[in-house]
Amino acid sequence: MQNFMLHRYPESRRWKIFQSILSIAGITLLMVLAAGCSKGPKEAPKPPVVEVMTVIQKDVPVYKEWIGTLDGMVNATIRAQVQGYLIKQNYRDGELVKKGQILFEIDPRTFQASLDQARGQLEAQQARWNTAKANLARIKPLAEVNAVSKKDLDDAVGAEQAARAAVFAAQASFDKAKFDLGFTKITSPVDGISGLAKAQIGNLVGPGAVEELTTVSTVNPIKVYFQISEQEYLQTAKYSVTVREKKVGELILADGSVYPEKGYFAFADRQVDIRTGTIKVATVFPNPGNFLRPGQYGRVRVAASVRKDALLVPQRSVSEVQGKYMVAVIGADNKADIRPVKVAERVDNLWVILEGLRPGESVVVEGIQKVRPGMPVTPKTFVETPVKTEAKPGPSLEAKSQENALTSSKPVEPAKTEKR
C-alpha cells in the first residue's frame, strides 16, 4: 500500500519522502536507547521497622491454679416431716430467711384432732391411775394388820403399776400428736438464702416425697471446693496446719475479674479418690452481701513459691513453630536472630523464659512477622498502649482493669507448667 502511494509522486519526490521516514525512525531509536541508558541501578529496600523491648529480670511469684466449685457452708434440705396438703408458702423464692422463720404450712386440722384425742386419752389414764393409787393406799394399812389377804394387796399394787404405765403411754401419744401438729409449720433451721420452692400450694407432701420442699444455704462465708493431685497433697501435707492456714488464695470469677476478698485453707477430704488420684480440698472466702452463690465456678490461685531473678518477655513476642517456642532477638548490629526458648509460667501479660535468652537482650514485640534470620532491621522502642476499663455491675465489687494490649494480641496461647 505504501509503495503504491509512493508511485504517485515523481522519483525525486519519492526519494525525499523515504529519507524523511528513515530520519524519524532513527530519532525514535536513539530516544529509546537514551532512556534505557539513563535508568540507574535499583535501590536496595529499607530495613523493616520493628518494635523491641528489653528482657525484664525480676523476682516472680509462682502461682498455682485450680478450677473450683462454690458451695454453701450449710445447705439445709427442707422436707415435710408429716403428710398433708400444703396450704401456704410464707417466703419469696430466693430471699434471705432467718432461723426459725416459717416457710411452709400444712393443713393442721387432722393433726389438731389427733392431739385432742390424745389429750382425752391421757386424762382418762391419769384418772384410772389416781383411782388405783387411792385403792392401794387403803389396802396397805389393812394388809399390815392382816385385815385383807396378801392377794388383795398384790392386785392393788399391780393395778397401780398398770395404770401408771398407761399414763406414760398416753403421755407419749399426746407428745407425738403435739409434735406432729408443730411439724405442720415448716421452719428454716438456719439463717441463709432460700431456694426455689419445689412444691406448690395444694400438693400432698410428706416424708415419702422424692423431692424436697426447698433448700436454705448459708453463704457468708462460702466454701470453694477443688481437686488437687496426690503429689500436690503430699507437698502441702509436709507443712504444719498453721502454715497451711496462712496460705492466702485469690478467687478468679467466671468473667475474669478477681474477687476482692481473700480466702484461706479450710480442710481436705478424708481420702484420695482412687478413680482420679485426686483429693478434694476446701477453701473459705468471706461473702459480704451474699454476692457469691453455690454452684458458681471459679479459679483458686495461690502463690506457691518465688522464682528468683526470672527473665520475662511479653507473651506476644513468643511464637510457636511446630511445637517449639521462638523469639526474635535483635543484636547490637541491628540484625535479627530467631532463637528457640523454653517457657514457664505466665505473669499477667508476660512469660517467664527459662532458657534461650540473656538479661539485657532486646526482643521483637511488634512486627515479628517481618523478621527473618540475619535480616537487618530498624528497631524502635515498644510503647504499651493502655486499654480503657469499664466498671462491672455487682455489689461490693470494684471495677477491675481489663487485659492490656499485650495480652489481647498475643500470637500463641501460652503453655502452663502446672496442669490441672
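Colleague: Where is Ser-188 found?
Modeller: Ser-188 sits in the loop between strand E6 (185-187) and strand E7 (192-194). Strands (E, at least two residues) and helices (H or I, at least four) are DSSP runs, numbered from the N terminus. This is a predicted model: local features need pLDDT of at least 70, side-chain atom pairs count only at pLDDT 80 or more, and totals for chains, interfaces and linings use all residues. Residues are numbered from 1 along each chain as its sequence is written, and side-chain values use heavy atoms, with hydrogens and water left out.

Colleague: Is Ser-188 buried or exposed?
Modeller: Buried, with a relative accessible area of 2%. Buried means under 20% relative accessible area, exposed over 50%, partly exposed in between (1.4 Å probe, protein chains only).

Colleague: What does Ser-188 touch?
Modeller: Not counting residues up to four places away in sequence, Ser-188 touches several, including Lys-98, Gly-100 and Val-216. Contact means heavy atoms within 4.5 Å.

Colleague: And what lies 2.6 Å from a polar atom of its side chain?
Modeller: The backbone oxygen of Val-190.

Colleague: New topic. How many aromatic pairs are there?
Modeller: Five. Rings of Phe, Tyr and Trp (its six-membered ring) pair if their centres lie within 6.5 Å; planes under 30 degrees apart count as stacked, over 60 as edge-to-face and the rest as tilted. One of the pairs is Tyr-91 with Phe-104, edge-to-face at 5.5 Å centre to centre and 90 degrees between the planes.

Colleague: Where do Tyr-91 and Phe-104 lie?
Modeller: Tyr-91 is in the loop between strand E3 (84-89) and strand E4 (96-97), and Phe-104 is in strand E5 (residues 102-106), 13 residues apart. Both are buried.

Colleague: Why is the pair of Tyr-225 and Phe-267 edge-to-face?
Modeller: Because the planes are at 70 degrees, with the ring centres 6.3 Å apart. Tyr-225 is in strand E9 (residues 214-229) and Phe-267 in strand E11 (residues 263-268), so the pair ties together parts 42 residues apart in sequence. Phe-267 is partly exposed, at 38% relative accessibility.

Colleague: Which charged end sits over the ring of Tyr-225?
Modeller: That of Lys-280, 5.1 Å from the ring centre. The rule is NZ of Lys or CZ of Arg within 6 Å of the ring centre and within 35 degrees of the ring normal. Lys-133 does this over Trp-129, at 4.1 Å.

Colleague: Last one. What do the buried residues of H3 pack against?
Modeller: Helix H4 (150-183). Trp-129 is among those buried residues of H3.

Notes
A polar contact is a pair of N or O atoms within 3.5 Å; within protein, one must be able to donate a hydrogen and the other to accept it, and residues adjacent in sequence count only if both atoms are side-chain atoms.
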